[in-house]
Amino acid sequence: MSKFDYLLALLAGASTALAFAPLAWLPFAFLAPALLFWLNLKNISLGQRLRLSWVFGVGLFAAGAHWIYVSIHFFGGANAFIAAFMVLLFVVLIALFLLVFGWLASYCSHLPVAVRLLAAYPAIWVLTEWFRGWFLTGFPWLQLGITQIDTWLANYAPVTGVLGVSWLVALGAGALVLLVLGSMRDRIIAVSLVVVAVVGGFALGQIRWTQPAGEPLYVSMLQGNVDQLTKWEPAFRNDNIQAYLDLMDPDRYPDVERSHLVIWPETALADYYPQALDVMLPLQDWAREAKADLLVGGFHLNRDTEAVYNAVMAVGGERDVEQSIATGENVYAKKHLVPFSEYIPLLKYLRFLESIIRLPYDNVTAWEGGDNLVLAGQPMRMSVCYEDVYGEEIIRGLPEATMLVNVSNDGWFTGSIEPAQHAEIARMRALETGRFLLRATNNGVSTIINEKGKVMKTAPPYVATVISGYAVPMQGVTPFIKMGNWLIIPLMLAMLGIPLVLVRGKLR
């Protein structure tokens with residue numbers, strides 16, 4: 001294997017990012033893994049396969065997840081060199097997940113080329129994504145299936161979840177290689193499989209997995225566009241809160257007052273709820289007078305344990321804010337925390353790093369309460385920020401929940417491609433569950449997504465505005481809600497294992 005092969009793997013990995021939002025150049029979703037598959041057809045050693053896969057991963061995450069630099073440098077306070085080094089370290093480590101692909105591919109070198117390209121390699125790709133999605137808390141970003149949210153292939157998501165769509169993309173990549181290298185028989189098989197997959201996606205798109213569970217709700221989401229640099233400064237507290245109160249002005253935004261539900265985004269209230277009664281009590285009065293429910297992002301504090309939670313609180317109706325603060329009722333907080341972001345293991349031993357980067361003084365605690373809150377008369381599945389990238393975790397509040405709500409603060413990555421990528425992922429969650437998803441963010445992308453994963457209402461990022469529109473509560477169970485990944489993962493294991501067993505048996 002030459003240096004050129006490794007360079008090709010690096011460029012192929014980097015080009016994969018072009019298939020995701022905001023560019024969404026879909027051919028690269030197939031071309032990039034096709035190059036990886038082609039390189040693995042060569043007669044190479046295990047070590048070479050591992051290096052090849054790792055280099056592909058370095059390209060993928062360097063191009064697709066470089067936006068963490070923005071958070072570390074501009075908002076974490078690290079200088080440019082330190083921030084770049086930390087991003088490099090993150091990329092080379094996260095790319096190690098791709099070693100799973102190289103390791104498993106090494107067992108398939110004796111399989112026929114067509115079997116490797118149409119069965120083994122696509123299955124290995126999915127198993128690699130699945131492993132990456134949960135090991136060491138998981139990083140399920142840049143899954144190939146996400147790129148297909150606007151194609152017929154996305155219609156498999158309510159059945160198999162995003163991993164099933166990733167498999168179809170990987171299958172298409174294998175078929176692409178086989179069209180170039182295979183015999184006429186192989187080419188016919190490859191084309192036939194692709195046609196069946198596409199037609200099947202169209203057919204699945206005609207199925208309504210879920211049905212309305214009540215009258216449409218009129219909802220409003222506030223996008224305050226608060227500057228991330230001043231968001232956490234006590235001197236700007238009142239000004240930042242006022243930015244959201246201004247969006248509730250009935251003269252400027254009359255849709256808010258007639259809404260059934262109004263959502264403030266993640267940590268819009270950059271304060272502990274007990275210390276923000278000057279805001280929460282007037283909001284309670286407003287909600288009762290408007291006969292609406294409010295969802296307010298802030299920090300819940302357990303006074304008994306002094307644990308701090310990144311939370312949202314439901315306000316309005318018969319709820320009492322002070323009781324909610326005291327008991328944790330009507331509160332949902334983030335369960336899936338991001339290591340070295342929301343909590344830092346051994347934080348007290350890392351204070352020496354404060355000379356190069358700001359460190360928090362308190363770790364955020366993982367929530368152990370329920371998943372759903374009742375808002376506007378409907379049980380809704382809550383998620384905060386990064387939680388909506390975990391499809392199997394979102395379904396834990398279903399089928400009871402009739403709607404999904406995600407509050408986020410992608411302001412940490414201002415000016416990068418991350419907000420567009422995150423919004424694209426949210427669309428897949430709506431499609432998998434057959435539920436509308438309401439997404440409120442501090443700086444964008446705020447949006448209303450329907451049960452088919454289509455954007456109904458949105459607004460440009462970095463603009464202070466209100467997104468208002470109708471959302472329909474939905475009931476019913478998609479196959480993915482019922483089975484999660486217990487359908488696709490056994491299928492992938494069979495796709496990989498059966499050829500290995502059969503061919504090895506013939507070789508004996």
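The lining of the largest cavity splits by class into five nonpolar, five polar and three charged residues. Ala, Val, Leu, Ile, Met, Phe, Trp, Tyr, Cys and Pro count as nonpolar here, Asp, Glu, Lys and Arg as charged, and the others, Gly among them, as polar. A word on the source. This is a predicted model, where local features need pLDDT of at least 70, side-chain atom pairs count only at pLDDT 80 or more, and totals for chains, interfaces and linings use all residues. Residues are numbered from 1 along each chain as its sequence is written, and side-chain values use heavy atoms, with hydrogens and water left out.

Back to that cavity. A cavity is a set of points, on a 1 Å grid over the protein atoms alone, where a 1.4 Å probe fits but cannot get out; lining residues have an atom within 4 Å of a point. Grid points are joined across faces, edges and corners, and a volume is the space filled by probe spheres set on the points. The whole structure holds two cavities of 30 Å³ or more. The largest has a volume of about 90 Å³. Its lining has 13 residues, with Ile207, Trp209, Gly434, Glu451 and Lys452 nearest the centre.

Helix α7, residues 113–132, gives the most, with four residues. Helices are DSSP runs (H or I, at least four residues), strands likewise (E, at least two), numbered from the N terminus.

Next, salt bridges. A salt bridge puts a side-chain nitrogen of Lys or Arg within 4 Å of a carboxyl oxygen of Asp or Glu. The count is 13. Take Asp5 and Lys42, whose side chains meet at 3.0 Å, N to O. Asp5 sits in helix α1 (residues 3–16) and Lys42 in the loop between α2 and α3 (46–64), so the pair ties together parts 37 residues apart in sequence.

Is Asp5 buried or exposed? Buried, with a relative accessible area of 6%. Lys42 is partly exposed, at 28%. The cut-offs: buried is under 20% relative accessible area, exposed over 50%, partly exposed in between (1.4 Å probe, protein chains only).

One more pair. Arg381 bridges to Asp371, with the closest N and O atoms 3.7 Å apart. Arg381 is in strand β8 (residues 378–384) and Asp371 in the loop between β6 (331–333) and β7 (372–375). Both residues are buried.

Note on methods
On a 1 Å grid over the protein atoms alone, a cavity is a set of points where a 1.4 Å probe fits but cannot get out, and a pocket is an open set with protein on both sides within 12 Å along at least five of seven lines; lining residues have an atom within 4 Å of a point.
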